[in-house]
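Me: Could you walk me through how the helices pack in this one? I have not looked at it before.

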Amino acid sequence: ILFQIFDAFKSRLHDSNSKVNQVALETMHQMIPLLKDNLSPVINMLIPAIVDNNLNSKNPRIYAAATNVIEALCQNLDNYLLLQPFCTKAQFLNGRAKQDMTDRVA
């Protein structure tokens with residue numbers, strides 16, 4: 001059921017309406033400490049949804065919210081779960097997002 005919930009939720013993380021996108025990121029930030037390692041089945045789906053457009057966003061609120069979500073992931077999940085998706089994102093992103101993900105991997 002977790003997969004079904006986050007499959008529907010991830011589209012809000014890509015929403016073209018910046019307010020919806022921002023609220024989704026802020027909600028994700030609140031959910032991570034509650035779910036912790038229980039997110040492992042959906043982490044490979046969530047990280048691209050969080051990172052792809054949001055870390056390169058020109059909107060400072062969206063960028064800050066995405067950065068907070070990444071920080072919450074690092075604080076609440078086993079780093080082993082994050083290593084592969086973070087490395088993949090660091091390899092294929094560009095700009096500020098590439099730098100942020102490379103810093104996280106390091």
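**Helix packing**

Reply: In this predicted model, the axes of helix 1 (residues 2–13) and helix 3 (residues 43–51) come within 9 Å and cross at roughly 10°. Because angles under 35 degrees count as roughly parallel, helix 1 and helix 3 are roughly parallel to each other.

Me: OK, and which residues make the contact there?

Reply: From helix 1 the contact has Phe-3, Phe-6, Asp-7, Lys-10 and Leu-13, while helix 3 brings Met-45, Leu-46, Ala-49 and Ile-50. Sorted by kind, the residues in this contact of helix 1 with helix 3 are seven nonpolar, no polar and two charged.

Me: Switching topic, at what angle do helix 5 and helix 6 cross?

Reply: The axes of helix 5 (residues 79–92) and helix 6 (residues 95–105) cross at roughly 145° and come within 8 Å, and helix 5 passes helix 6 in a left-handed crossing. On the helix 5 side the contact is made by Leu-83, Phe-86, Cys-87, Lys-89, Ala-90 and Gln-91, and on the helix 6 side by Lys-98, Met-101, Thr-102, Arg-104 and Val-105.

Me: How many of those are nonpolar, polar or charged?

Reply: The contact of helix 5 with helix 6 has six nonpolar, two polar and three charged residues.

Me: And which residues of helix 6 are buried?

Reply: The buried residues of helix 6 are Ala-97, Asp-100 and Met-101, and since they cover an arc of only 90° around the axis, they lie on the same side of helix 6.

Me: What covers them?

Reply: The cover over the buried residues of helix 6 includes helix 3, helix 4 (60–76) and helix 5.

Conventions. Residues numbered from 1 in each chain as written. Predicted model: local features only at pLDDT ≥ 70, side-chain atom pairs only at ≥ 80, totals over all residues. Heavy atoms only, no water. Axes fitted to C-alpha atoms, helices over the stretch in contact; angles between N-to-C directions. Helix = DSSP H or I, 4+ residues; strand = E, 2+ residues; numbered from the N terminus. Left-handed = near helix turned anticlockwise from the far one by under 90°. Contact = heavy atoms within 4.5 Å. Nonpolar A, V, L, I, M, F, W, Y, C, P; charged D, E, K, R; others polar. Parallel < 35°, antiparallel > 145°, perpendicular 65-115°, else oblique. Buried < 20%, exposed > 50% of the residue type's maximum accessible area, 1.4 Å probe, protein only. Arc of directions from axis to C-beta.
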